[in-house]
Amino acid sequence: MTAVTDEKGAPWWRSAVFYQVYPRSFADSDGDGIGDLGGLRDKLGYLELLGVDALWICPIMRSPMADGGYDVSDPRDIDPLFGSLEAMDELIAEAHDRRMRVTMDLVPNHSSDQHPWFRAALAAGPGSPERERYIFRDGRGPDGGAPPNNWPSVFGGPAWTRIREADGRPGQWYLHIFAPEQPDLNWENPEVAEDFEQTMRFWLDRGVDGFRIDVAHGMAKPAGLPDMEVVDTRMLVHDDSDPRFNNPGVHRIHRRLRKVLDEYPHAVAIGEVWVNDNNRFGEYVRPDELHLAFNFRLAETPFQPDEIRAAVENSIQAVALVAASPTWTLSNHDIAREVTRYGGGALGQARARAMMMLEMALPGAVFVYNGAELGLPNVDDLPDEALRDPAFARSGGVERGRDGCRVPLPWEGERPPFGFTTGAPWLPMPPEWANVTVEKQLERLDSMLSLYRMAIELRAVRPEFAGPGLEWYGSPPGCLAFRREGGLLCVLNATDAQISLPAGEVLLASAPISARKLPANSTAWLI
C-alpha cells in the first residue's frame, strides 16, 4: 500500500479505525496456547470483514516476556513465541492485499535486562561506555546501600535495583521505571537514539506502516534525578507533576524520530502519552513530532453524559491548537474492558454499544481493542496461579494486574478454548463465552459484532461523517447530542427511560427503535 492520503486528500491515519491486536490472545496457529502471527494471518479475512483500516500489533519482538513483550531483548527480530521475520513479512503483504495497514509497538524507554547491551553493561563496570547506555548511579549512604532517589516503580517497589559487580561486591544501582527486568535506556547517549532509528528503518523497510510508541512521554529524565516531593506507590497512576515522565527533553527526541518517519510519507507514529494538561499534551502532536497521541479521557470516563461531553470537548481542545487529530478509545490491554466498567451484564452491554456508536461518530482516529467488538467483559475471577501480569507479583498479590482484559478471544464452538487454540489457552477462558463467539455473533444482526461492522462501514462511506468539527445540541437531562460538520446527528440517551428522537432519518441505532423512541442506555445516528 503506497497511498499517503485518503479519498478526501487527508492523511489516511487522521480518521482511520485501528484494530489493536494483543497477539498472544488473538489466535493461535500452532497449538501451544499462545496466539501468534500465523493465527493473526489466518484471521485477516475476519478483520477485513469487520472493516478496519489498520492493525496495531502489540509487541512481537524477541523478548523474555517478563512484561508481555514490553521487555525487548532484540528489537529487530520476531520472538519465536509469535513466529519469525518471514511470518511477519507474509502478514504485512497479505494485510496490504486486503487494504489494511500494519502498525506495531516499539518500546524506546527501556530494554530487557537480557538485551546484549545490558549484559555488557553489567560486565563492563562503573563509568564504562556500556553503562552509559543505561541509567546507572551510585547509591546513597556511606556504603551506597540506599537507592539513588526515592522513585517508585510503576509496578510496585522501588524503581532502582542494586547489582553485584563482576568481582562479587555490591555495586551500582540501575533505574527501571517499570519492572527490574526493564532497565531504562539513557536517551542522553547518542548510541541509544542511533540504534532506535536503525530499528525504525528496519521495520519501515519491511513494509510496516508506522508505530505505536510505548511510554512516549517517558524517555527523557530530569537533570540530577531529583527525589519526588510526594511518593505515590499506587500502580499505573498518572500525574503531571511526576518527575519520571513528561520532561521537556522528550520533545527533542520526538523531533529527531519524526525526521526518520518523514522519509516514509505514508507512515504514522502514535504515542502513548499519559499527560493531563492540554497544552502539554498538544506539544506531543505538533507538526514535527508525533502524528497522533492516545488521549485516554473517554476510556476513563463513567457513563454520565456531562462527563462524556467534558471528555470529548477536552480531547478535541487538546489537539486543536496544533491542528492535530484527536484519538478515541474505550479500552486497551491496560484498561478494564468497557462492558465491565459500564456495569456489566445486560446494562454494561447496552452502554458499551451506545458508547461505541458515540465514539465512531466523533472526528479523528478510533482504536478498537480486540474483543471489544464481541462485547467481552473483563474476567476478574481468574485464579491466582493463572495470573501473569508482573503487577500481581510485585504488589504481593494486592494488585490483580491487567490479565482480566487479556483473556484470549472466543472464535467458535460451545466450550473453551472456543477455537482460539487446539491446546490449553495461556489464560483460562470462561465457559459462558459460548454465547459471544465470533461464529455466534456473525449469525445475528443484533449482535455487538454486527453493530460494529455496520458502524465502521457507515463511518467510512457516508459523507455526513466529514469534517473535523462538531456542534453540541440541546438535549433532555441525562442525554447529549452533537452534529458533525457533514450533517450527522448523534444522540445518546444515558437515562433509564426512553426519549423521543429529533427529526431526521435514523441511520443506525444501538438498540431497537419503536415509534421514534430511543431506548434507555442507547445511541442513535440521524441524518
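**A walk through the predicted model**

P417 sits in the loop between helix 11 (390–394) and helix 12 (438–442), where helices (H or I, at least four residues) and strands (E, at least two) are DSSP runs numbered from the N terminus. A cis peptide bond joins this residue to P416, with omega at about 10 degrees.

Residues are numbered from 1 along each chain as its sequence is written, and side-chain values use heavy atoms, with hydrogens and water left out.

Let me turn to the helix pairs. The axes of helix 5 (residues 190–205) and helix 6 (residues 249–261) come within 10 Å and cross at roughly 30 degrees, the axes being lines fitted to C-alpha atoms over the stretch in contact, with angles that run from 0 to 180 degrees between N-to-C directions. That makes helix 5 roughly parallel to helix 6, a term that covers angles under 35 degrees. On the helix 5 side, A193, E194, F196, E197, M200, R201 and L204 meet R256, L257, V260 and L261 of helix 6, contact meaning heavy atoms within 4.5 Å. The residues of this contact divide into seven nonpolar, no polar and four charged, with Ala, Val, Leu, Ile, Met, Phe, Trp, Tyr, Cys and Pro counted as nonpolar, Asp, Glu, Lys and Arg as charged, and the others, Gly among them, as polar.

In the second pair, the axes of helix 10 (residues 345–361) and helix 13 (residues 448–461) come within 10 Å and cross at roughly 10 degrees, and these two helices are therefore roughly parallel to each other. Their contact has nine nonpolar, one polar and two charged residues.

Finally, the domains: an automatic or database assignment gives domain 1 (17–109 + 190–453), domain 2 (116–175) and domain 3 (466–526). Between domain 1 and domain 3, the buried area is about 1700 Å², 75% of it from carbon and sulfur atoms, buried area being the accessible area (1.4 Å probe) that two parts lose on being put together, summed over both. In domain 1, P305, M357 and A361 lose the most area to domain 3, together 32% of what that side buries.

Technical notes: Predicted model: local features only at pLDDT ≥ 70, side-chain atom pairs only at ≥ 80, totals over all residues. Parallel < 35°, antiparallel > 145°, perpendicular 65-115°, else oblique.
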